Amino acid sequence: LLVRKSAQLNMAKKGEKKAARVNDIVTREYTINLHKRLMGMTFKRRAPRAVAEVKKFAFKAMGTTDVRIDQKLNKALWKTGIKNVPNRVRVRIARKRNDEEDAKEKLYSMCTLVEVDTWKGVGTTIVQE
């Protein structure tokens, strides 16, 4: 009985810590491998699915349902047409405060494109603003 109580208290503490971490304003850079996410996809659905996969990735990474994609990132995904989506894309995802009065959530995620010369040795990095 005592072991269960302490386990439940530890779980509650972890939950509180997680909630506080989601409320932080943070910016990170990720490399998203679109090739593995679009494998087997019909050609006419590849670019729209790539946009959806970037949004899904940002939702998982930042924990906000309101995910916005920058115009440059959208153009980079659609640059070579609907069926020739780039294999990888480097994205800077920033969790920001929502200043709109009638907003459902306090935070949103903004995805912007990061140009890179080579994909070798680039991992997830935290950007200090």
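Modeller: Start with exposure. Buried means under 20% relative accessible area, exposed over 50%, and partly exposed in between, with a 1.4 Å probe and protein chains only. At 26% relative accessibility, arginine 68 is thus partly exposed. This is a predicted model: local features need pLDDT of at least 70, side-chain atom pairs count only at pLDDT 80 or more, and totals for chains, interfaces and linings use all residues. Residues are numbered from 1 along each chain as its sequence is written, and side-chain values use heavy atoms, leaving out hydrogens and water.

Colleague: How many salt bridges are there?

Modeller: A salt bridge puts a side-chain nitrogen of Lys or Arg within 4 Å of a carboxyl oxygen of Asp or Glu. The count is five. One of them joins arginine 68 to glutamate 100, with the closest N and O atoms 3.8 Å apart.

Colleague: Which residues are linked in a network of salt bridges?

Modeller: Glu29, Arg90 and Arg92. Arginine 90 meets glutamate 29 at 3.4 Å, N to O. Arginine 90 lies in strand β3 and glutamate 29 in strand β1, so the pair ties together parts 61 residues apart in sequence. Strands are DSSP runs of E, at least two residues; helices are runs of H or I, at least four; both are numbered from the N terminus. Arginine 92 meets glutamate 29 at 2.4 Å. Glutamate 29 is buried, at 11%. Arginine 92 is partly exposed, at 30%.

Colleague: Which residues have the most contacts inside the largest nonpolar core?

Modeller: Such a core is a set of buried Ala, Val, Leu, Ile, Met, Phe, Trp, Tyr and Cys residues joined through side-chain atoms within 4.5 Å. Here the largest has 20 residues, and Leu34, Ile93 and Cys111 have the most contacts inside it. Helix α3 gives the most, with seven residues.
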